[in-house]
Amino acid sequence: MDDGYRNTNQVSDDYRYQDGNYDAPNDGYYRGGDEPAQEEDAQSDVTEGHDEDDEVYEGEYQGIPHPDDIKEKQKKRAPAMDDEYRDRADLMAERMEDEEQLAHQYENIIEECGHGRFQWTLFFVLGLALMADGVEVFVVGFVLPSAEKDMCLSSSNKGMLGLIVYLGMMVGAVLLGGLADKLGRKQCLIISLAINAASAFLSSFVQGYGFFLFCRLISGLGIGGTLPIVFPYFSEFLSREKRGEHLSWLCMFWMIGGIYASAMAWSIIPHYGWGFSMGTKYHFHSWRVFVLVCALPCIASLVALKFMPESPRFLLEIGKHDEAWMILKQVHDTNMRAKGEPERVFTVSYIKTPKQVDEFIEIQSSTGTWYQRWLVRITTTLKQVWDNVLYCLTAQYRMNTLMLAVVWFTMALSYYGLIVWFPDMIRYFQDEAYESRVKIFDEEEVSHFTFNFTLENQIHRNGEYKNDKFIGMKFKEVRFEDSLFEDCYFEDVRSSETFFENCTIISTVFYNTDLYEHKFINCRLINTTFMMEKEGCHIDFEEDNDFLIYLVSFLGSLSVLPGNIISALLMDKIGRIKMIGGSMLISAVCCFFLFFGNSESAMIGWQCLFCGASIAAWNALDVITVELYPTDKRGTAFGILNGLCKFGAILGNSIFSSFVGITKVVPILLASSALVGGGLLALRLPETREQVLMYDFPKDPPLADAAGIR
């Protein structure tokens, strides 16, 4: 007989029936579980080399139990009490025991599947989804200088537009992260990406501020669910030895998203001719093209995700053994073929499935109307999501959840606050330098002169202008104080930050200008005519500084690369806890040295150092959040913490931006204190790098918690 046959007999001999149970080999696999014994010939059918004369059950190749085995198992369990009459605490205790067995078995199965082509394919698909999340953070900041002119946005409107995306992300993280534990990782990620892609596409075409704001809110809600799903999804295909490193590599796509957004903005937005107009009411300018281009990573990930399977770990949690087995076999076969070992057989025939205790109320198709049936499904699912949220706060997880919440919040408050504060401070330094170069003209007298050039950064006091013409010109940061204009003519004049204070204007004509009434402060207008005023907003806009905005964002994203590489290589060597604590404390030191940054170049340099130092903490937070919670609570917990992170981002943006030009002591001290406090607290979290993908349950869980009593 050939070697394959001898190996088959060896596999069959590994299982011996003793007292109604399998005596499994000590290799970590729960192949038998509580399944009944099989004949040696039937067992040998699982692998190659079986006798062709034996009767073969086809379902055995797919890990599906034989009907006779099922009947036998039911007979053995007949004396046991029916689940519906058992105490819920007993059912939960049994499920927890099953979970612990499944966690160790699943770890061994993933190791058998190997790490190869399948994981790398999923890596790039999920990376595009994470890239879409990174792009979304930068989109509004890049389009604001152009969009404010199209939509006539005031300062309050711009502030709301900047915060609305974070608000949508906060809600989306909690909602979609919770749904991922009930509906599945793949399905919820598709929903999340589809919502974002559709809203981003629509937002590029809407003209009004209200509709644009609503579209960005819905877009944020969609993309907010990406982060809490991507990391649990990918982690459930990784072995313990690979998990920390490869989840950290996945974080690089967020940085790539920032670089992509910066490069596209730099390439597209300044080209104002890349748009079109339909009449006088509809304008599609270059910044709208940029919004469309930013949706491409999301669309690409959405299409590619259709060819990826659901997480088998999630399927096992909800009792879908056969589907999970088929996916794991697909992972195994894909990796083995890529390694040149297509003959390698997937040896797992049965995987432990946890006890199912969820009570899902379903009504028949003949009961009620269609919307009543959907209402029951939706309310039941939302109730289950809410129960998961509360479960994360039970005694078993409360302390870890609260500590993680503080660390996530302090990290977000300082990081997102500072990445907004850095550009604002750089712009403030530029404005100070600009104002220091102002030219002042006192008591000048100009008559019969034609101004057809730009006047910039000037103050004119006590001047007299008679029979002068101002034609086809621009005023930029110009002030006329206590001056006289007599028999003058203004035509086709554009202005920004230009005002007339305490001036006397006599027999003067303003034709096709944007010198509106609010620009004449305490002025006397005698026999003065305003004709054909320019259409548009009566608001002075900040001058475009595309180079500054794009360069700062590009350098900030690029500076993350070294920190990302270092954190990925060291994540499994020094551990998650030391990575978080060390990164946050180093970031606090970088933040403190901002006291010595009094120039544009210094602020850009410290921004790069801060972003590079803090990325390791972000990566480790993503990894440890995945590892501290069981599979059926992982998405919910990640969603809660990521939603809290977005709330911290909203507070950070609001607080830090309000101190620009006033003092930098408060932002620096606040950010440094938050980072130090969060970093020290992180050192008290449990280390998870040696654990299988499930936080170990207590052997004797409190009955109140096990029964779901709160």
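In which sense do strand E13 (residues 489-496) and strand E16 (residues 509-513) pair, and over how many bridges? In this predicted model, E13 and E16 pair in the parallel sense, over 4 bridges. Phenylalanine 490 stands opposite phenylalanine 510 in E16.

E16 has another partner. Strand E19 (residues 529-531) runs parallel to E16 and is joined to it by 3 bridges. Here valine 509 has threonine 529 in E19 as its bridge partner.

Now turn to helix H12, which spans residues 296-305. Its buried residues are Pro297, Cys298, Ser301, Leu302 and Leu305. These residues cover an arc of only 135° around the axis, so they lie on the same side of H12. What do the buried residues of H12 pack against? Their contacts are with helix H5 (117-151), helix H7 (185-203), helix H9 (226-235), helix H10 (240-268) and helix H11 (286-294).

The surface comes next. Leu175, Trp370, Tyr371, Trp374, Ile378 and Leu382 form a nonpolar patch there. Together they have about 680 Å² of accessible area. Which helix gives the most to the nonpolar patch? Helix H15 (residues 370-391) does, with 5 residues. Leucine 175 sits in helix H6 (residues 155-183). Its relative accessible area is 34%. Patch residues need over 30% relative accessible area, and exposed means over 50%. Leucine 175 is therefore partly exposed at 34%.

Note on methods: Residues numbered from 1 in each chain as written. Predicted model: local features only at pLDDT ≥ 70, side-chain atom pairs only at ≥ 80, totals over all residues. Heavy atoms only, no water. Buried < 20%, exposed > 50% of the residue type's maximum accessible area, 1.4 Å probe, protein only. Helix = DSSP H or I, 4+ residues; strand = E, 2+ residues; numbered from the N terminus. Arc of directions from axis to C-beta. Contact = heavy atoms within 4.5 Å. Patch = residues over 30% accessible without salt bridge, like charges linked within 9 Å, V, L, I, M, F, W, Y side chains within 5 Å. Areas by Shrake-Rupley, 256 points an atom, 1.4 Å probe, with all protein chains shown as cover. Salt bridge = Lys/Arg side-chain N within 4 Å of Asp/Glu carboxyl O. Pairing = 2+ DSSP bridges.
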